[in-house]
Amino acid sequence: MNIVWFKRDLRLSDHAALKAAIEDGESFLMLYIWEPNIMADSHYSPRHWNFVQQSLNDLNRQLSEANPLLRITILQGNAKEIFHAIHQKYQLKKVFSYEETGLRITYDRDKELSLFFKETAIEWWEFQTNGVVRKLKNRDNWAEYWKEQMQKPWDVPNWTKLRGDCLVFDESNEIYKRFLPNDYLLKDANNFQPGGETYAHRYLQSFLSERAKNYSKHISKPLESRKGCSRLSPYIAWGNLSIRQVYQYAQNAKKKVAHRRDLDNFISRLHWHCHFIQKFELEDRMEFENLNRGYDNIERIDNEYFIERWQSGLTGYPLIDACMRCVCQTGYLNFRMRAMVVSFLTHQLFQHWKTGAVFLAQQFLDFEVGIHYPQFQMQAGVTGMNTVRMYNPVKQSQDHDPNGIFIKTWVKELENCPENFIHEPWKMTPMEQELYNFRLGENYPFPIIDLEEATKKAKEQIWGIRKQQLVRVENKRILNKHVVRNRKR
């Protein structure tokens with residue numbers, strides 16, 4: 001028998017591994033594995049596994065509606081032990097799956113499995129994910145290749161070609177009993193987007209037909225972006241949709257709607273999505289180390305008070321606090337606000353990016369390691385090749401939440417704060433505080449730092465080190481590896 005191993009590709013359409021297994025002609029098992037060591041990794045939280053459980057439930061519902069005998073078997077345990085047990089009983093021939101640009105823990109698992117499959121003469125057919133190329137030497141021609149992949153026809157599983165049996169393990173199966181799975185569906189998950197291929201297509205169609213008309217206008221707004229942006233990121237991160245599907249749907253929608261420019265802006269971000277994952281694929285040490293080794297010389301001292309206040313949304317800067325509380329409770333924050341809270345942590349609070357990267361990975365429902373770490377390091381200013389952006393949270397608040405609606409939604413302590421003080425409540429005089437029944441330090445904290453002073457100090461540190469020889473040498477290395485080199489005319 002063969003196996004189709006589902007990982008972060010939780011869909012039935014445009015699925016190369018499933019298509020290949022059907023066309024191979026042998027009986028096969030569709031398998032998902034809950035892996036306790038990965039689930040316990042510090043980057044993940046129950047919201048992620050709840051999303052996965054919902055996605056699996058949706059797939060099995062679709063399968064049973066098409067054929068009551070079709071189902072994805074879900075097991076729980078160490079992946080190698082499960083494959084070994086199945087091989088002993090059923091003599092595995094082939095495993096079909098997608099490549100995964102993941103955390104070091106999943107990469108080590110895949111290396112272990114690759115060795116096991118070779119030792120047991122099991123063929124492992126791995127398919128490329130979203131145009132991200134494994135073992136790429138440099139980025140020359142990658143953009144052209146990516147576009148070519150996006151324009152190819154979907155890999156549509158043709159169930160009419162099924163010649164073998166589609167196997168299912170149930171309660172009567174000894175392997176199922178040995179690796180009995182838990183149900184990870186949470187009861188209090190109403191604040192999060194629901195998982196599954198069905199919901200993914202609903203979000204996609206509502207965005208392309210209607211919500212995208214405000215995409216460019218609302219992309220930077222913490223409140224309006226919750227509807228004006230696509231909200232497809234968790235569905236792409238967990239594979240409910242392929243990038244190719246989204247790309248082609250968006251290109252077709254441009255022919256039918258007036259908001260073509262908005263869709264062009266959106267399509268360009270699909271390319272950037274894969275660009276950053278390709279970057280991490282080429283240099284996955286970014287999970288642990290500065291991309292530019294020259295920045296290892298910056299000494300940062302952990303300040304537990306700063307970190308706890310940032311995580312809890314109690315910094316005294318209203319927009320920072322609103323964003324942190326929002327993402328902790330809903331799993332979503334638009335890109336500009338993500339950049340701002342990371343900038344505040346790594347620059348103004350001068351804390352190491354790794355502390356914030358792990359915490360926010362737990363919060364982001366759309367956690368995608370290949371985007372998360374390159375973006376985190378870029379915002380922290382440790383790549384040496386990107387413009388260092390130090391966001392002013394007061395200015396961002398005035399520009400993107402001018403009436404303080406988003407702030408008051410998430411920072412209830414400021415619900416009665418006058419609009420003219422909502423961005424800088426510390427400017428209220430004692431008399432004004434009495435007038436509005438608002439006491440700084442009691443109802444809402446004082447700012448934990450002097451913003452102007454902290455920003456000045458961070459600029460001196462970050463910009464000063466850019467002149468050092470090691471930073472410059474590393475910068476050239478990074479450019480050669482991750483940026484398209486000038487071609488000869």
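**Group meeting: strands, cores, cavities and pockets**

Let's start with a strand pair. E2 and E3 run parallel and are joined by four bridges. Pairing here takes at least two bridges found by DSSP. The helices (H or I, at least four residues) and strands (E, at least two) are DSSP runs, numbered from the N terminus.

Two words on the source. This is a predicted model, so local features need pLDDT of at least 70 and side-chain atom pairs count only at pLDDT 80 or more, while totals for chains, interfaces and linings use all residues. Residues are numbered from 1 along each chain as its sequence is written, and side-chain values use heavy atoms, with hydrogens and water left out.

Back to the strands. Which residue in E3 stands opposite Tyr 32? Ile 74 does. E3 covers residues 73-76. Thr 73 and Leu 75 point one way, Ile 74 and Gln 76 the other way, and all are buried. Buried means under 20% relative accessible area, exposed over 50%, partly exposed in between, with a 1.4 Å probe and protein chains only. In a regular strand, side chains alternate between the two faces of the sheet.

Now the cores. A nonpolar core is a set of buried Ala, Val, Leu, Ile, Met, Phe, Trp, Tyr and Cys residues joined through side-chain atoms within 4.5 Å. The largest has 125 residues. Tyr 32, Trp 310 and Leu 360 have the most contacts inside it. Take Trp 310. Setting aside residues up to four places away in sequence, Trp 310 touches residues including Ile 320, Met 324, Phe 344, Phe 359 and Leu 360. Contact means heavy atoms within 4.5 Å. There is also a second, separate core of 23 residues, with Phe 117, Trp 124, Phe 169 and Tyr 176 among them.

On a 1 Å grid over the protein atoms alone, a cavity is a set of points where a 1.4 Å probe fits but cannot get out. A pocket is an open set with protein on both sides within 12 Å along at least five of seven lines. Lining residues have an atom within 4 Å of a point. Grid points are joined across faces, edges and corners, and a volume is the space filled by probe spheres set on the points.

How many cavities of 30 Å³ or more does the search find? Five, across the whole structure. Ala, Val, Leu, Ile, Met, Phe, Trp, Tyr, Cys and Pro count as nonpolar, Asp, Glu, Lys and Arg as charged, and the others, Gly among them, as polar.

The second largest cavity holds about 190 Å³. Tyr 32 is back: with Glu 35, Ile 38, Trp 49 and Arg 109, Tyr 32 is closest to the centre among 17 lining residues. E2 gives the largest share of that lining, three residues. The classes are eleven nonpolar, one polar and five charged.

Last, the largest pocket, at about 1300 Å³. It has 43 lining residues. Nearest the centre are Arg 269, Trp 272, Phe 335, Ile 371 and Gln 375. Which helix supplies the largest share of the lining? H13, with nine residues. The lining has 23 nonpolar, twelve polar and eight charged residues.
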